[in-house]
Amino acid sequence: MFLVDSHCHLDGLDYQSLHTDVDDVLAKAAARDVKFCLAVSTTLPGYRGMRELVGERPNVVFSCGVHPLNQEEEYDVQELRSLAAQPGVVAMGETGLDYFYTPETKARQQHSFREHIRIGRELNKPVIVHTRDARADTLAILAEEKVTDCGGVLHCFTEDRETAGKLLDMGFYISFSGIITFRNAEQLRDAARYIPLDRLLVETDSPYLAPVPHRGKENQPAMTRDVAEYLAVLKGVTLEQLAQQTTQNFATLFHIAPQRLQPA
Ligand SMILES: [Zn+2]
Ligand SMILES: [Zn+2]
């Protein structure tokens, strides 16, 4: 079996007491059949640091972007463009809108979101979108900036069925994190039942929000397995089927050669 963690922050894990290094994290993941990761950056210096931390590996690819929560200072769009063009970068992001934590940077978030989509279209790299308390603006900007040209994923999905439908209409993929396993996530489970299997991805968003039964612990790529197991039951398919389909979806969306996503 081959599972992909489509969204993790490998630079945010606890290398002091939980893991010795990135090899250790990836070995723990592989032991649970999570054999490939997309390492997501949230600032440009963070992107550079991530590349240094992870190095060149056959089983890790990268995104480059500035998170909506990191918009208090301006960044150089030219630098974003040139870093995003580097080999190994398969996506723009994470980008998007978060009006829950930082409504005061709304205008800058929107501008940055648009820039990420424009560069994504130029480079033919899909966008990884984060949205919180900003549903209408997120959908409007995706449509206005013609995101269908490069495609993308709404990561750590916490919206409803109707929003999922609008994203699917734009050709989007939808990624579920450990939140789907939480007791109070009924609306989310309803959306997950509705989203076709060929548009689903799984992720941890580690180090945040560990799935049941690991709540309270630090999340890590290995826990993609728990999300996948839960989602398989919800979709009425076997874990193997869910793994096969979500891995294929990941390859399609991020233009990754299928040979890289096969059991060694
Ligand atoms: Zn996010
Ligand atoms: Zn994230």
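His9 has a relative accessibility of 6%, so it counts as buried (under 20% relative accessible area, with exposed meaning over 50% and partly exposed in between, for a 1.4 Å probe and protein chains only). You will find His9 in the loop between S1 and H1. Helices (H or I, at least four residues) and strands (E, at least two) are DSSP runs, numbered from the N terminus.

Before going on, note that this is a predicted model, in which local features need pLDDT of at least 70 and side-chain atom pairs count only at pLDDT 80 or more, while totals for chains, interfaces and linings use all residues. Residues are numbered from 1 along each chain as its sequence is written, chains are lettered from A and ligands numbered from 1 in the order in which they are written, and side-chain values use heavy atoms, with hydrogens and water left out.

## The zinc ion (ligand 2)

Which protein atoms hold the zinc ion (ligand 2)? Its donors are His7 (NE2), His9 (NE2), Glu94 (OE) and Asp205 (OD), at 2.1 to 2.3 Å. Donors are N, O and S atoms within 2.8 Å of the metal (3.2 Å for Na, K and Ca); water is not among the atoms, so sites may look incomplete. The angles between the four donor atoms run from 87 to 175°, and therefore the arrangement is irregular. For comparison, four donors count as tetrahedral if all angles lie between 85 and 135 degrees; four count as square planar and six as octahedral if opposite donors are over 155 degrees apart and all others between 65 and 115; anything else is irregular.

Along the chain, the spacing of these donor residues is H-x1-H-x84-E-x110-D. Distant parts of the chain are linked here: His9 lies in the loop between strand S1 (3–8) and helix H1 (22–30), and Asp205 sits 196 residues apart from it, in the loop between strand S8 (200–202) and helix H8 (224–235). Asp205 counts as buried because its relative accessibility is 9%.

## The zinc ion (ligand 1)

The zinc ion (ligand 1) has Glu94 (OE), His130 (ND1) and His155 (NE2) as protein donors, 2.0 to 2.2 Å away. Their spacing in sequence is E-x35-H-x24-H. His130 in strand S5 (residues 127–132) and His155 in the loop between strand S6 (152–154) and H6 are 25 residues apart. His130 counts as buried because its relative accessibility is 15%, and His155 does so at 3%.

What do the two sites share? Glu94 coordinates both zinc ions, which are 3.5 Å apart.

## What the UniProt record lists

Under "binding site", the unreviewed UniProt entry lists His7, His9, Glu94 and Asp205. These residues are spread over 199 residues of sequence, yet they cluster in space, with a largest C-alpha distance of 11.0 Å. UniProt positions are given in the numbering used here, feature names are shortened, and annotations may be inferred rather than shown by experiment.

## A cavity elsewhere in the model

The largest cavity holds about 30 Å³ of space. Its lining consists of Thr131, Arg135, Thr138, Leu139, Leu154, Glu159, Thr163 and Leu167. A cavity is a set of points, on a 1 Å grid over the protein atoms alone, where a 1.4 Å probe fits but cannot get out; lining residues have an atom within 4 Å of a point. Grid points are joined across faces, edges and corners, and a volume is the space filled by probe spheres set on the points.

Helix H5 (135–144) gives the most to this lining, with three residues.

Note on methods:
On a 1 Å grid over the protein atoms alone, a cavity is a set of points where a 1.4 Å probe fits but cannot get out, and a pocket is an open set with protein on both sides within 12 Å along at least five of seven lines; lining residues have an atom within 4 Å of a point.
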